[in-house]
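Please look over the sequence and the model before reading on.

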Amino acid sequence: MIVYFRNDDVDKLTPELINLISVFVKEQVPLNLEIIPGRIGIGSTLINNLKKVIVKNSDYLEIHQHGFNHFEYESYNEFPESRDSLCVEKDIKIGKELLEKKFGGFFYPVFTPPWHQVGTKHIPILKKMGFKAISAGFNLKYDLLDLSVHSDLSTFDKKLNKSRFATVQELIEKYNNFKKNTTKVGFYMHHRFFTTKESLEPIRDFLKYLKRENVKIVKFSDVLNENRFCNTS
Ligand SMILES: [Zn+2]
């Protein structure tokens, strides 16, 4: 059984991002970071500071591409079928080259489309660009390895009638339900919502639980490297 954690919408180094990264680094557990390339400036201080954090903690952090600029061309979709494939290809290419230039070997070619949406006709572009996997919603089938995520770190509270952070008990319960049907369980999150120290406690405790259970927590590249040698699903 392997588990991976994915944090989306990274474009600059904010206190919320620093605090989330600290939790994973302190527990010595990898965190996959999905960067929006169209929102970072190649020479900006902010992205240079983010790079310093990544270089310092490279055992636990890995960079991937989260769309281009997260623009909503259609409802919750940056890459709808209606967009011209040449424009999509240009966006994805510029984004990938920017991340490669800025992050070098810390970037690994996995594509995470915003809102987990990308038109089927655009999938060959990803293959042509050398992406090795896509990380989208559970049950979406593409002709690329799908590093699906099963749940975010919140839960819908019927009493409050809104989403809130899941407790550690709820996260453990989710994990134990997911693992009945798969050998890879993925969780995702958005660092901007973790605005208090308390909001990070369930993740910290959940990581401690997984470590006690000897669960292997991995970067996306670890999954791909493992798949080269055996055909585990
Ligand atoms: Zn996003």
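How far does helix α3 reach from its first C-alpha to its last?

## Helix α3

The model described here is predicted. In it, helix α3 covers residues 85-103, which makes 19 residues. From its first C-alpha to its last, α3 reaches 26 Å, and this is close to the 27 Å expected at 1.5 Å a residue.

Several residues of α3 are buried: Val 88, Asp 91, Ile 92, Gly 95, Lys 96, Leu 98, Leu 99, Lys 102 and Phe 103. Viewed down the helix axis, the buried residues of α3 fall within an arc of 160 degrees, so they line one face of the helix. An α-helix has 3.6 residues a turn, so residues three or four places apart point the same way. Leu 86, Glu 97 and Lys 101 lie on the other side of α3, and these residues are exposed. After α3 comes Gly 104, which has a positive phi, near 50 degrees.

## The whole protein

How many helices and strands does the protein have? There are seven helices and 11 strands. The radius of gyration is 17 Å, close to the 17 Å that the globule rule gives for 233 residues, so the protein is as compact as a globular protein of that length. The C-alpha trace spans about 45 × 45 × 40 Å along its principal axes.

Of the 233 residues, 36% count as buried. Among contacts with a separation of 6 or more, 74% are accounted for by residues 24 or more positions apart.

## Two residues with positive phi

Trp 115 is not a glycine, yet its phi is positive, at about 55 degrees. This residue sits in the loop between β4 (107-111) and α4 (123-128).

Asn 214 has 7 other C-beta atoms within 10 Å, so it is exposed.

Definitions and conventions. Residues are numbered from 1 along each chain as its sequence is written. This is a predicted model: local features need pLDDT of at least 70, side-chain atom pairs count only at pLDDT 80 or more; totals for chains, interfaces and linings use all residues. Helices (H or I, at least four residues) and strands (E, at least two) are DSSP runs, numbered from the N terminus. A residue is buried if 20 or more other C-beta atoms lie within 10 Å of its own, exposed if 12 or fewer, and partly exposed in between; C-beta atoms are placed from the backbone. The radius of gyration is taken over C-alpha atoms; the globule rule is 2.2 Å times the number of residues to the power 0.38. Two residues are in contact if their C-beta atoms, placed from the backbone, lie within 7 Å. The expected span of a helix is 1.5 Å times one less than its number of residues. The arc is that of the directions from the helix axis to the C-beta atoms.
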